[in-house]
Amino acid sequence: MSEAAQAQTMGFQTEAKQLLHLMIHSMYSNPDIFLRELISNASDAADKLRFEALEHSELYEDDPDLVVRIDIDSDANTITISDNGIGMSRDEAIANLGTIARSGTAEFLGSLSGDQKSDSQLIGQFGVGFYSGFLVADKIVVETRRAGAPASEGVSWSCDGEAEFTVDAIDRKERGTSVILHLKDDAKDYANDWRLRSLVKKYSDHIAVPVEMLEILPPKSADDKENEDQEEAEIVPQYERVNSATALWTRPRKDIKDEEYQEFYKHVSHDFQDAMSWSHNRVEGKLDYTSLVYIPAHAPHDLYNRDVARGLKLYIQRTFIMDDAEQFLPLYLRFIKGVVDCADLPLNVSREILQSSPAVDSIRAALVKRVLDMLDTLAKEKPDEYKTIWEAFGAVLKEGPGEDFANRERIAGLLRFATTRGDDAMVSLADYIAAMKPDQDKIYYLVGDNESAARNSAYLEIFRKKGIEVLVMFDRIDEWTMSHLQEFDGKALQDISRGELDLGKLADEEKDEDSSDKPEDSDAVVGKIKEVLGDRVADVRTTSRLTESPACLVLGQDEMGSQMRKIMEAAGQAMPESKPVLEVNAEHVLIQRLRDESDGDKTADLVGLLYDQAALSAGEQLDNPALFVKRLNRLLFET
Ligand code: ADP
Ligand code: MG
């Protein structure tokens, strides 16, 4: 007997059972969604068949009308959801149904908190699609045959919600898949025609493929009963369509209720929670297309994986063509979900063709604009919702200025930053500008390794003293983002750890107070330091940047910052050598002590310490940490 003909019992991945129980536990409050999920899968299967049949029309066999049917057997206590879509081979059934929350189960379990409310939100992010059947069933049997395969290659897959499932070969004449739910005792009420119809209307009305159920025949009258023996032609109930079966995006906007948009969102996104916002547009003219794009309310767990599927489904004249049509949106908008239905592309379009299609380019430009408009509107009109979005997707939006040069000013307007204004405040560049000092002409910012390093940085000293706000950044990507932004709304963006400090008119106020500078003294001490450091530094100079610290390291205006340098080095890139400028605070006692020191060894220790502490406080690693410790100790034990 060949392997394919044998019954085989297999285990799920180890975590599956745990996940299954957790899911049932956390979603128990809305078991209704099982139907939506199974119909959504059936509809996807119909889409896939239609797509494959574009090239292989024989896949339709003699059954070209795609349909989903729901049957109830109240004696057996089962509900069966059948489709004549693409179906599954044995291997596909094992791979697709044998893995719960396919991407990242372990990761998911690791992030559980034990708090039911937040865990059930989490589970929504992972999506358990098919397994939601176990909300109402204690046993699920799937019978399926892949389109094009012979009847003898039918597959039966069954699972009782525990750690194992069984696959077996069956004969199956019908193409596609039947999911048979054996209802749990407390879910028997679902085997009710009226109830299922209302669930289909509520959750799956937007599904483009017809969802049918058997009509309900009037009860037999007494006359009929008497005539039973006479073998009268029995009335066979017919299937009737329950949903509207029109693709939602093809309907006029005004006819679509918010709830319908939300249900459609769940179908296309595989998300279990509502979307935050959407935009539905039909464009006619040089190009004809319809787009319906959604902003989710939370990040999927794999958002930062840049290789992961992006959200748009492509349809051409209502025929599903592909998931993840990445050509229609840039990477920094990869969190957007939805559909594009385009009339002007050939049905046999490939990813390669999409890549070089001018039509796609112009749709993409329009979609980007639309999404940025949506984000703008949310930011202006619903700041609380925008905050949620920013928390979920901010780090991804920050990829924008580097990726989408044409829109960088618009994207910059959507960014939010922590600031020295307050510990919890998040401000936009426009907020910053609105609060600038009268004579201030630059937007000051600082990038640090982490929040506390940034907020306590020596570079902030003079700004704190003068009460000038500085944006503080500590995301891995910030330096990269800022390297693509030179100005906003006509105001230059200035990294306060680079170049010579130029406070413009803001510096003048205190000039007279400090005019008792001792230039010769400072020159002498600067000379001393230069002599010791030699070519470790590009230069040594005095600064007004510091009010408390003795020294700091400053980068050239256009040099790569340490954050990015570290990332590049970690990625194995050879980096050109870069030398910082050491800036010293001539007022500081340590510098004064250095000025008065005549012993050569002590001078070398002091300068070495000065340099190393400046490096440390800039978040750098020391070249020779042991020497630093020795020097520090020599100084501490000095009598
Ligand atoms: P998702 O729909 O998010 O991919 P599901 O858990 O709902 O996840 O389904 C898992 C997979 O099982 C699907 O991706 C598909 O490959 C397969 N599948 C489920 N139902 C069907 C069906 N009715 N016909 C064909 N394949 C199906
Ligand atoms: Mg699904």
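This is a predicted model: local features need pLDDT of at least 70, side-chain atom pairs count only at pLDDT 80 or more; totals for chains, interfaces and linings use all residues.
**Entry: the whole chain**

I began with the chain as a whole and found 23 helices and 23 strands in it. Of its 639 residues, 49% count as buried, and the accessible surface comes to about 31,400 Å², with carbon and sulfur atoms holding 48% of that area. I then looked up the contacts with a separation of 6 or more, and 73% of them are between residues 24 or more positions apart.

**Entry: salt bridges around Arg-146**

My count of salt bridges came to 42. I looked up Glu-52, which forms one of them with Arg-146, with 3.2 Å between the closest N and O atoms. This pair links distant parts of the chain, since Glu-52 is in helix α2 (residues 33-55) while Arg-146 is in the loop between β4 (137-145) and β5 (154-159), 94 residues apart. Glu-52 counts as partly exposed, because its relative accessibility is 27%.

At 25% relative accessibility, Glu-92 counts as partly exposed.

**Entry: a pair within helix α8**

Next I turned to Lys-266 and Glu-263, whose side chains meet in a salt bridge of 3.8 Å, N to O. Both residues lie in helix α8 (residues 258-269), where they are three residues apart, or about one turn of the helix.

Are the two partners buried or exposed? Lys-266 is buried, because its relative accessible area is 10% and buried means under 20%; Glu-263 is buried as well, with a relative accessible area of 9%. I also noted that Glu-263 and Lys-266 belong to a network of salt bridges that links them with Arg-36, Glu-37 and Asp-274.

**Entry: Gln-440**

Last, I looked up Gln-440, and I placed it in the loop between α14 (429-434) and β17 (442-447). Gln-440 counts as buried, because its relative accessibility is 6%.

What does Gln-440 touch, leaving out residues up to four places away in sequence? I found Tyr-432, Ile-468 and Leu-506. With Tyr-432 there is also a polar contact, in which the side chains of the two residues are joined at 2.8 Å.

Terms used:
Residues are numbered from 1 along each chain as its sequence is written. Chains are lettered from A and ligands numbered from 1 in the order in which they are written. Side-chain values use heavy atoms; hydrogens and water are left out. Helices (H or I, at least four residues) and strands (E, at least two) are DSSP runs, numbered from the N terminus. Buried means under 20% relative accessible area, exposed over 50%, partly exposed in between (1.4 Å probe, protein chains only). A polar contact is a pair of N or O atoms within 3.5 Å; within protein, one must be able to donate a hydrogen and the other to accept it, and residues adjacent in sequence count only if both atoms are side-chain atoms. Contact means heavy atoms within 4.5 Å. Accessible areas come from the Shrake-Rupley method with a 1.4 Å probe; for residues, only the protein chains shown count as cover. A salt bridge is a side-chain nitrogen of Lys or Arg within 4 Å of a carboxyl oxygen of Asp or Glu.
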